[in-house]
Amino acid sequence: MNTGAVSAATPARVVSLNLCTDEYLLLTARPRQIASISRLGADEQESPLARQARGFATNSGQLSEVIEQRPDLVLTMGHDPQGVALAARLRIRLIALPYPTSPAAVVAQVQQVAALVGNTPAGTAFAARVAALTASAPKAQPGLMIGGSGLAPAMDGLAAGWLRLAGIAQQQGGQISLERLLVQPPPILIRNVYRRGQLSGPQAWSQHPALRQLRVTQVEADGRAFLCGGAAMPAEIARLRKALAA
């Protein structure tokens, strides 16, 4: 259980409506504070923190569904003017966080949520963990992460920022064809695997036998962590470093 002083203003019933704020809440809040999280946050195919979510009530991500839970704080992510307006009419405190664009922005949001739930030390601990990863980051080597259908994260985006802490400099963003990979393979190929064992057509693309035969360093990334690129990323970066070193 997380520790830290609890003030009279600390919310007693906190709800998360979004997978990414689910992660923040599970990382920073005390179990007794969590009124519910989204269904995705409790799904092991969607969230690396799903085991921590066991036993908590879940919601569909709609504010109207959680009104009866009488939350004194609701967290979500992204632009939701209708939700904000409804919350204002019902006098429910709703915080809609913007989607982060860098690891530093993720740290700031974790610290913000930690402060909101009255557990500042949890935010400080997360910040220290990312700072340690940054200080110990290996020299970045050219590489390429691809996901379903060969979609590569932007070279200056959130995923690329985390990859740099694993020692990878994303070479290209956007759609990458299988032919291009076979003719001009990157020195390091990271296959971003999402919903392992439930391969759709796009996901099967990254498992093509021709890719596996490339004579380059290849590792798999946990697509669940990169889906939000948030609270679950320090553990994933540490795992990627070990995989690349091996």
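Because the model is predicted, local features are reported where pLDDT is at least 70 and side-chain atom pairs count only at pLDDT 80 or more, whereas totals for chains, interfaces and linings use all residues. Residues are numbered from 1 along each chain as its sequence is written, and side-chain values use heavy atoms, with hydrogens and water left out.

Helices and strands are taken as DSSP runs numbered from the N terminus, a helix being H or I over at least four residues and a strand being E over at least two. Two strands are said to pair if DSSP finds at least two bridges between them. In general, strands of a sheet pair through backbone hydrogen bonds, either parallel or antiparallel. An open sheet of four strands is found in the order β8-β6-β10-β11, with parallel pairing. Its edge strands, each of which pairs on one side only, are β8 (168-170) and β11 (217-222). From one strand to the next the twist averages 40°, where axes are lines fitted to C-alpha atoms, for helices over the stretch in contact, and angles run from 0 to 180 degrees between N-to-C directions.

Burial is judged from relative accessible area, with buried meaning under 20%, exposed over 50% and partly exposed in between (1.4 Å probe, protein chains only). By this criterion α6 is mostly covered, since seven of its eight residues are buried, namely Leu158, Ala159, Ala160, Gly161, Trp162, Leu163 and Leu165. Just after α6, Gly167 takes a positive phi of about 95°.

A nonpolar core is a set of buried Ala, Val, Leu, Ile, Met, Phe, Trp, Tyr and Cys residues joined through side-chain atoms within 4.5 Å. The largest such core holds 46 residues, of which Trp162 and Phe226 touch the most other members. Contact being defined as heavy atoms within 4.5 Å, and residues up to four places away in sequence not being counted, Phe226 touches Met145, Ala159, Trp162, Leu163, Asn192, Ala221, Met233, Glu236 and Leu240. Another core, of 10 residues, lies apart from the largest one and includes Leu144, Ala152, Leu181 and Leu211.

Strand β1 (residues 14-16) runs parallel to β4 and is joined to it by three bridges, with Val15 opposite Val74. Strand β5 (residues 94-97) also runs parallel to β4, through four bridges, and the partner of Leu75 in β5 is Ile95. Together, β4, helix α3 (residues 81-90) and β5 make a right-handed β-α-β unit, right-handed meaning that, with the strands pointing away from the viewer, the path from the first strand over the helix to the second runs clockwise. In the segment before β1 is found Thr10, which is buried at a relative accessible area of 14% and, leaving aside neighbours within four places in sequence, is in contact with Gln33, Val117 and Gly118.

A search of the whole structure finds one disulfide, a disulfide being a pair of cysteine sulfur atoms within 2.5 Å. The bond is formed by Cys20 and Cys228, whose sulfur atoms are 2.1 Å apart. It links distant parts of the chain, as Cys20 belongs to helix α1 (residues 19-28) and Cys228 to helix α10 (residues 223-228), 208 residues apart. The link is left-handed, with -90° about the S-S bond. Cys20 is buried because its relative accessible area is 12%, and Cys228 counts as buried at 8%.
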